[in-house]
Amino acid sequence: MSDEKSEFENLQQEAAVLIDFEQVEEVSRVFFEESKEILEDLDSLILKLEGDPTNADQINLLFRKIHTIKGSVGAVPGGQLLGSLAHECEALLTRIKRETRPVSKECIDLFLKSSRILKVLAQSLRDKRELYPEELSEAIELIASYGSFEFPEEGGSSMVRSSVSRATSSSSSDEEGVWLSTKQLNEFLRLSGELLVLKNFFQMMNQTVNFRAQPELFERRQTDFSQNLSKISDQFQNQVQTVRKEKASESFQGLHVLVRQASTELNKSVQLEVHGGDLLIDKGLGKDLYEALVHVARNSIDHGIEDQFERALQGKSSIGTLSLEIFEKNNTIHVVFKDDGKGLDRERILQRALKLALVTEEQAQKMSDEEIYRFIFNAGFSTKEKVTTISGRGVGMDIVLATVEKYNGKIFIENSVGQGACFRIEVPIPQHIMVESALLCSWQDFQFAVPLTSVAHISSCNELQITTVDHLRYCQFSGFTVPLMDYSEMLNLRTTKSEDKVRASSAVFIKIKDALFALLVDKIEAQTDLVVKSFGKIVGGQKGFKGISILADEKVTYILDPEKLMGLLVKQLENQEEAA
C-alpha cells in the first residue's frame, strides 16, 4: 500500500514538473486579445438581433462569437465559470436555430445580462483577482436561469422589435493603440514619400546652387521648398488628427444597451434617438463624453420619464423619448441631451439644497432657475429619499460636470415643467498638436503672440484719439470707446505709461464675440504659425495666456488667450465698481 502511495506521489510530482507555465501565460494572453474585441461588440450584435429576431445570419454570427469565447477560455486557469456561462448562452442559441424560433424579448434580456457578466469575468481573469461575492452570485444565478428558461407561448411577446436607433457593429479602438485603415496607412506612406523627396531637394539645392553667384535661383528654390514644406506639414497634421477620431455613434453605442436595461428594470418604455452620429470626434473625448452621458441618461429614465400610466393621463405617448444630438460649430463640440419627461422639480431641488446647507434662504431668493438647477451637480445630491439602483437625478451628475470642466467646456440646463429637461454641453475640440496662426508683438523684454482669429485691427497709437478717465485709458475705434492698456495695466487696472510712450506704441484690437478691447504693445514684429505648448505642472497657468512657443531664434513667446484676457479685464472692472 505504501508503495502504491509513493508511486502516486511520484506521478503527481512529475505532472507538476511537466506544466509549462510560459505556455499557460501565452494561452491566457491570446484569449485576452481575442476576447476583448468580441466582448466589446457583443452588445451591438445582440441589439441588432433584437431589431431583426428571425435573421439567421445574425443568429449564426452571435453563435460563432460566443463559441469562440467558450473554446479559447478552456485552457485559461480559473476560466471555468466564464466557460460555463458561454456554454449555456451557446446552448440557447442552438435551440433557437434548431427549433427555428424568433429571438424573444426574454432571450435578448438574458443575452444582454450574460454579455455584462462575461465582461466582468474576463476582467477578473485579466487582473488575476478573485470575484466579489455579489459578482459570483450573479454569475451562478444567470447560469441557473438558462436551465429553467422557457420560450413564451405563440402569440406572446416574442416578436418584439425595438424602435430604438440601432447601434452598428464596429470594432472599438484598443486602449493601448489606434486602428489604422488601409486608406489612412497609404496616406501616411504618401506623405513620408513626399517628405523624402523634399529632403533630397533641400540637400541638392545646397550642393548645386551657389547663393552668392546665383541669388535669384537660390531664392526661387528656397521659396519652392518653403511652400512645399508648409503644404506637407499641414497635410501631415490633419492626417494625425483624423487618425485619433471616430464616429460619434461608435463612441456612444453603449447608450442603447444602457437605455434598454434601465427602462426594463424600471418597467418603463423608453427609446433613444441619436442625431449627428456620423460626426468624427476625438476618441478620448468620445469615451469621456460617453461616461458622462451614462449618468445623464440613467437619471433621465429614473426621474424624468414617467411610467406609461402617468404619461397616458398627461396625453403623452406611452413611449418616452431620449434625444441625443451632437454637432460641431466654431471649433466646439456641442452635445444636446433631452428627455420628454416631467422636467426638473425646482422647489424640490431648492429645498434639498437648503437642507444640505448648500445655500441660505437669503441667497436663494436672488438665484435664477438655472443656478438652482445646477445644485444637481453637487456630489451625492439627490432629491430622492431612497436612491434606486439606477440612481436619482443628481447622483453621479458631479461626474458630468467634472468631465466638462476637464476639457474647459460649459454645461447649461434648460427645463420645461411637464415637458422635459435639456442638458447642453459645449466642449472645445481637443488640440493634441495645437498650431496657432498668430501676430507676434514685443512688450518690454517679453514677446507676445495674439491669435489672428481674434485680431480685429492693428493701429499706431499716434493715430488714435486717446482719453484717460479714473486712471483708465480709452480710445475711439469704429464709433466705440474701447479700453486701451498693456498687460501690466490690465492686471492692476491702473495706467502707468506716460503719454509719450503710449504715442510711440502700437495697439492690437482684440474682438471676442461682441466685446472689444485694445492691447498696448511696444512693437508689431511679424505674423507666423506657432506650435502651442502648455506651461506644465511646475509653472501652472498664467493669467490671460494659453501656453508658450519656442521660435527659431530660441526665444520664448507667450501666447495670449483672448477670452481669458477679456474675462480678466471684465472681472477687474466689476471688482472696481463694487469697491466704489
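These legends walk through several close-up views of one predicted model.

The model is predicted, so local features are given only where pLDDT is at least 70 and side-chain atom pairs only at pLDDT 80 or more, while totals for chains, interfaces and linings use all residues. Residues are numbered from 1 along each chain as its sequence is written, and side-chain values use heavy atoms, with hydrogens and water left out.

**View 1. The whole chain, to get our bearings.**
The secondary structure comes to 20 helices and 18 strands. Helices (H or I, at least four residues) and strands (E, at least two) are DSSP runs, numbered from the N terminus. Of the 580 residues in the chain, 41% are buried; buried means under 20% relative accessible area, exposed over 50%, and partly exposed in between, with a 1.4 Å probe and protein chains only. Among contacts with a separation of 6 or more, 68% come from residues 24 or more positions apart, where contact means heavy atoms within 4.5 Å.

**View 2. Helix H8, from end to end.**
Helix H8 covers residues 215-243, which makes 29 residues. The expected span of a helix is 1.5 Å times one less than its number of residues. For H8 that gives 42 Å, and the end C-alpha atoms are 42 Å apart, which agrees. Look along this helix for its buried residues Phe218, Phe225, Ile232, Gln237, Gln239 and Val243.

Two strands pair if DSSP finds at least two bridges between them. E6 and E7 (residues 420-428) run antiparallel and share seven bridges, and Ser416 stands opposite Gly420 in E7.

E11 runs antiparallel to E12, joined by four bridges, and Ile466 has Cys475 in E12 as its bridge partner. Cys475 also stands opposite Val482 in E13. E12 (residues 472-477) and E13 (residues 480-485) are antiparallel and joined by four bridges. They form a hairpin with two residues between them, and Ser478 in the turn has a positive phi of about 55 degrees. E13 pairs with E15 (residues 515-521) in the parallel sense over two bridges, with Leu484 partnered by Ala518 in E15.

**View 3. Aromatic rings that pair up.**
The structure holds nine aromatic pairs. Rings of Phe, Tyr and Trp (its six-membered ring) pair if their centres lie within 6.5 Å; planes under 30 degrees apart count as stacked, over 60 as edge-to-face and the rest as tilted. Trp443 and Tyr487 are edge-to-face, 6.3 Å centre to centre with 80 degrees between the planes. They link distant parts of the chain, with Trp443 in E8 (residues 435-443) and Tyr487 in H17 (residues 487-492), 44 residues apart. Trp443 is buried at 6% relative accessibility, and Tyr487 is buried at 12%. Phe477 and Phe509 have ring centres 4.3 Å apart and planes at 20 degrees, so this pair is stacked. This pair also links distant parts of the chain, from Phe477 in E12 to Phe509 in E14 (residues 506-512), 32 residues apart. Both Phe477 and Phe509 are buried. Ring pairs also link Trp443, Phe446, Phe448, Tyr487, Phe545 and Tyr558 into a cluster.

**View 4. Arg352 and its contacts.**
Arg352 lies in helix H13 (residues 346-355) and is partly exposed, with a relative accessible area of 22%. Not counting residues up to four places away in sequence, Arg352 touches Phe381 and Ser382. Arg352 and Ser382 are 30 residues apart in sequence and 7.7 Å apart in space, C-alpha to C-alpha.
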